[in-house]
Amino acid sequence: MKKTIAVLQGDGVGKEVTKSAVKVLESIGKRFDHSFRIQSALIGGEAIDQTGEPLPKETLAVCEKSDAILLGAVGGPKWDHNPSALRPEKGLLAIRKHFGLFANLRPVKAVPEMMDASPLKEHLVKEVDMMIVRELTGGLYFGEPKRKTANGAVDTLTYSRKEIERIVEKAFELARLRKGKVTSVDKANVLESSKLWREVVEEKKSYYPDIEVEHILVDAAAMKLITQPSSFDVIVTENLFGDILSDEASVITGSLGMLPSSSIREDGFGLYEPVHGSAPDIAGLNIANPSAAILSAAMMLKYSFGLEKEAAAVEEAVYSVYKDGYCTTDIQKTGHRVLSTTAFTDKVIEELEREFVSDHIMSAYV
Ligand SMILES: NC(=O)C1=CN([C@@H]2O[C@H](COP(=O)(O)OP(=O)(O)OC[C@H]3O[C@@H](n4cnc5c(N)ncnc54)[C@H](O)[C@@H]3O)[C@@H](O)[C@H]2O)C=CC1
Ligand SMILES: CC(C)CC(=O)C(=O)O
Ligand SMILES: [Mg+2]
């Protein structure tokens, strides 16, 4: 298979972890005989510095010609005082909107060997494997107007029925392939947009009689994520709630550096990025956990290219590195050896190559 991938490293640790993901994709390409052509382009703070725009036209052109987008993270203190039009985060919101990437899938899976590394280990009595389905192109992050007067600000939360329907359908479809349960998170006791959200979920559920449906208010959901994480399968929610709840859920896995994501639309085109940001506090130190970025590349293989076997090989390789007793500084566990970003990445590639050699030995005997 031949694919072109737009790689937008962005800022801070985004640069380090996307390099890891690209190395892993190259290794997968060699092992399974695929050609992944990498096309790099600017986004975020670095794009502002070099072009005056957080999402330059040239970047959009590169992405338009690609089969998928791999992104690191944007932002950092250097740009914190820029006027809002020149914020790196604007570039990220704009690229999601431009490509209509309404469904942000954020799997939260605790690696069994690393459950001791979670501050919530007492609650992790059963396996945790949930999928947060976050609406990504509507809600507060896209509200207008933004500023009323010098002494007042306003953010608007707008959702159309159609926008809610398509994300809710996506959640039901995913639940069918998983454990068959959808938890819809809203604030329907207060917000009109949440009342509409709940109405749509109630309507849609009659088309999915095989799926168990529950509604939870977002404040209670935040509590239940910590106390009963294994009770969730698919969580569907609006943009802001999903952003906050997924960072919270990352704690279950031991670190924010463990959570990958895909942002997709109906035709399968997608943008793949870790859930975390540019982590300016550790940027440039070669200590960021590359797991989230590498697992995001695995999601690309599965969701945009339909390469299920290859995606599983990447996931297996990352898990094996933890199983073999290695980790990065953010997710330490007694007895595990802490590796740098690059050394951890090399271990993942060693695992992939080891699997490759054993595949060949097996096929020699068949
Ligand atoms: N998707 C994106 O591009 C996002 C960008 N941001 C931007 O990133 C900048 C920093 O934001 P923060 O609130 O600090 O959130 P952050 O997610 O960058 O960092 C939060 C904490 O998690 C740690 N962390 C994050 N990723 C890690 C990794 N791979 N390995 C080990 N530790 C990791 C950081 O060191 C920090 O202590 C801001 O400019 C923000 O706007 C924030 C979230 C998402
Ligand atoms: C610009 C922000 C909305 C990025 C973020 O925190 C996210 O998408 O998780
Ligand atoms: Mg976030």
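1. Basis. The model is predicted: local features need pLDDT of at least 70, side-chain atom pairs count only at pLDDT 80 or more, and totals for chains, interfaces and linings use all residues. Residues are numbered from 1 along each chain as its sequence is written, while chains are lettered from A and ligands numbered from 1 in the order in which they are written.

2. Ten strands form an open sheet with mixed pairing, in the order 2-1-3-12-11-4-5-10-8-9. Strands here are DSSP runs (E, at least two residues) and helices likewise (H or I, at least four), numbered from the N terminus. Strand 2 (35-40) and strand 9 (212-217) are the edges, and each pairs on one side only. Pairing requires at least two DSSP bridges between two strands.

3. Strand 1 (residues 2-10) and strand 2 run parallel, joined by six bridges. Thr4 sits opposite Arg37 of strand 2.

4. Helix 7 (residues 218-227) lies across strand 8 (181-186) and strand 9. Its angle to strand 9 is about 110°. Angles run from 0 to 180 degrees between N-to-C directions, and axes are lines fitted to C-alpha atoms, for helices over the stretch in contact.

5. Helix 1 on helix 9. The axes of helix 1 (residues 13-32) and helix 9 (residues 291-303) come within 8 Å and cross at roughly 45°. That makes helix 1 oblique to helix 9 (under 35 degrees is roughly parallel, over 145 roughly antiparallel, 65 to 115 roughly perpendicular, the rest oblique). Helix 1 contributes Val17, Thr18, Ser20, Ala21, Val24, Leu25 and Ile28 to the contact; helix 9 contributes Ala292, Ala293, Ile294, Ser296, Ala297 and Leu301. Contact means C-beta atoms, placed from the backbone, within 7 Å. By class, this contact has 10 nonpolar, three polar and no charged residues. Ala, Val, Leu, Ile, Met, Phe, Trp, Tyr, Cys and Pro count as nonpolar, Asp, Glu, Lys and Arg as charged, and the others, Gly among them, as polar.

6. Ligand 1. It has 23 residues around it, the closest being Gly75, Gly257, His276, Gly277 and Asn289. A residue is near if its C-beta atom, placed from the backbone, lies within 6 Å. Helix 1 and helix 4 are the elements giving two or more residues to this shell. The shell has 11 nonpolar, eight polar and four charged residues.

7. Ligand 2. Glu89, Leu92, Leu93, Tyr141, Asp243 and Val275 surround ligand 2. Helix 4 (residues 88-98) gives the most, with three residues. Four residues of this shell are nonpolar, none polar and two charged.

Methods
Two residues are in contact if their C-beta atoms, placed from the backbone, lie within 7 Å.
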